[in-house]
Amino acid sequence: MSVPVAPSESDAAVDVAGNLARVLAHVGAAARAAGRDPAEVGVVAVTKTHGPERIRPAILAGHVIYGENRVQEAEAKWPALKAEFPHLRLHLIGPLQSNKVRHAVQLYDAIETVDRPKLARRLARIMTEEDRRPDCYIQVDTGEEAQKAGIPPREADAFIRLCRDELELPVAGLMCIPPLEEEPSLHFALLREIAARNEIQGLSMGMSADYETAIEFGATLVRVGTAIFGPRESYSA
Ligand SMILES: *Cc1c(COP(=O)(O)O)cnc(C)c1O
């Protein structure tokens, strides 16, 4: 299994530490502008498609939370990085297939894409077997896109009850990925509303293009890739 490398720019050409500092400053400013404590908003630095040399400056700058969207890709680069830096926390932000659940439970500290009953039941069983309980975020398909991942909004309340109350998964929050062509704030508002009526605190929403808006709407985690690590190959969207 080879680690993918970013093709467009060499690692040295991207000022990862400078980009990270800028994003963190914007996150702090957006939180304060919304009357929130900046400490309430975590940044998931999204490293998909990038190799360890691109990631390392962020780690050395003290950043702790990272996100990957493919279990296999993460398995190729993160075990070594986590062995070297055991305090790092890795979030899965892409779809989780049932046959990868055990690997995901072993590798990730949070799984942000819990989106169907079969997956939730399997996670509950394997977390018990592995004696490891990564935080779970329930992904809501706020755009109701037929082929998109996420539980439809009208099924969200029942699915939250299944995950949190029946299966006793460690549900830390909700997560959404708004459709590209739509106004993200409508989706952020919907996710916030579903969380509020279910008394859920965590909201993972907002990416490089819209994380400041997401913070205004209550995001507790924003997932930022391009603005920190530079451009990716297009396949990774
Ligand atoms: C790639 C990805 C991100 C980061 O996207 P950027 O636009 O590069 O910040 C955030 N969330 C998910 C689910 C992703 O797959």
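This is a predicted model: local features need pLDDT of at least 70, side-chain atom pairs count only at pLDDT 80 or more; totals for chains, interfaces and linings use all residues.
What covers the buried residues of α2?

Residues are numbered from 1 along each chain as its sequence is written, and side-chain values use heavy atoms, with hydrogens and water left out.

**Stop 1: helix α2**

Select residues 52-60, which form helix α2; helices here are DSSP runs of H or I with at least four residues, strands are runs of E with at least two, and both are numbered from the N terminus. Within α2, colour Arg-54, Ile-55, Ala-58 and Ile-59, which are buried (buried means under 20% relative accessible area, exposed over 50% and partly exposed in between, with a 1.4 Å probe and protein chains only). These residues lie on the same side of α2, because they cover an arc of only 140° around the axis, the arc being that of the directions from the helix axis to the C-beta atoms. An α-helix has 3.6 residues a turn, so residues three or four places apart point the same way.

Now the opening question can be answered: the cover over the buried residues of α2 includes α1, β2 (65-68), α3 (71-84) and α9 (226-229). Just after α2, look for Gly-62, which takes a positive phi of about 100°.

**Stop 2: α1 against α2**

Axes are lines fitted to C-alpha atoms, for helices over the stretch in contact, and angles run from 0 to 180 degrees between N-to-C directions. The crossing of α1 with α2 is right-handed, a word used if the near helix is turned clockwise from the far one by less than a right angle, with left-handed for anticlockwise.

Show the side chains of Val-16, Ala-17 and Leu-20 in α1 and of Arg-54, Pro-57 and Ala-58 in α2, which make the contact (contact means heavy atoms within 4.5 Å). By class, the contact of α1 with α2 has five nonpolar, no polar and one charged residues, where Ala, Val, Leu, Ile, Met, Phe, Trp, Tyr, Cys and Pro count as nonpolar, Asp, Glu, Lys and Arg as charged, and the others, Gly among them, as polar.

**Stop 3: α2 against α3**

Keep α2 and bring in α3. The axes of α2 and α3 come within 12 Å and cross at roughly 30°, and the two helices are therefore roughly parallel to each other. α2 passes α3 in a right-handed crossing. On the α2 side, select Pro-52, Ile-55, Arg-56 and Ile-59, which meet Lys-77, Trp-78, Leu-81 and Glu-84 in α3; the residues of this contact divide into five nonpolar, no polar and three charged.

**Stop 4**

Is Lys-82 buried or exposed? Lys-82, which is found in helix α3, is buried, with a relative accessible area of 17%. Leaving out residues up to four places away in sequence, Lys-82 touches Leu-88, Leu-90, Leu-107, Asp-109 and Arg-132.

Next select Glu-68 in strand β2, which is buried with a relative accessible area of 0%. Apart from its neighbours within four places in sequence, Glu-68 is in contact with residues including Thr-47, Lys-77, Trp-78, His-91 and Tyr-108. Between Glu-68 and Thr-47 the C-alpha to C-alpha distance is 5.9 Å, although they are 21 residues apart in sequence.

**Stop 5**

Pro-117, Ala-120 and Arg-121 of α5 make the contact with Phe-159, Leu-162, Cys-163 and Glu-166 of α6.

Finish in the loops. Asp-131 lies between α5 and β5 (135-139), has a positive phi near 55° and is exposed, with a relative accessible area of 70%. Glu-199, in the loop between α7 (184-197) and β7 (202-204), has a positive phi of about 55° although it is not a glycine, and at 67% relative accessibility Glu-199 counts as exposed.

Methods:
Angles under 35 degrees count as roughly parallel, over 145 as roughly antiparallel, 65 to 115 as roughly perpendicular and the rest as oblique.
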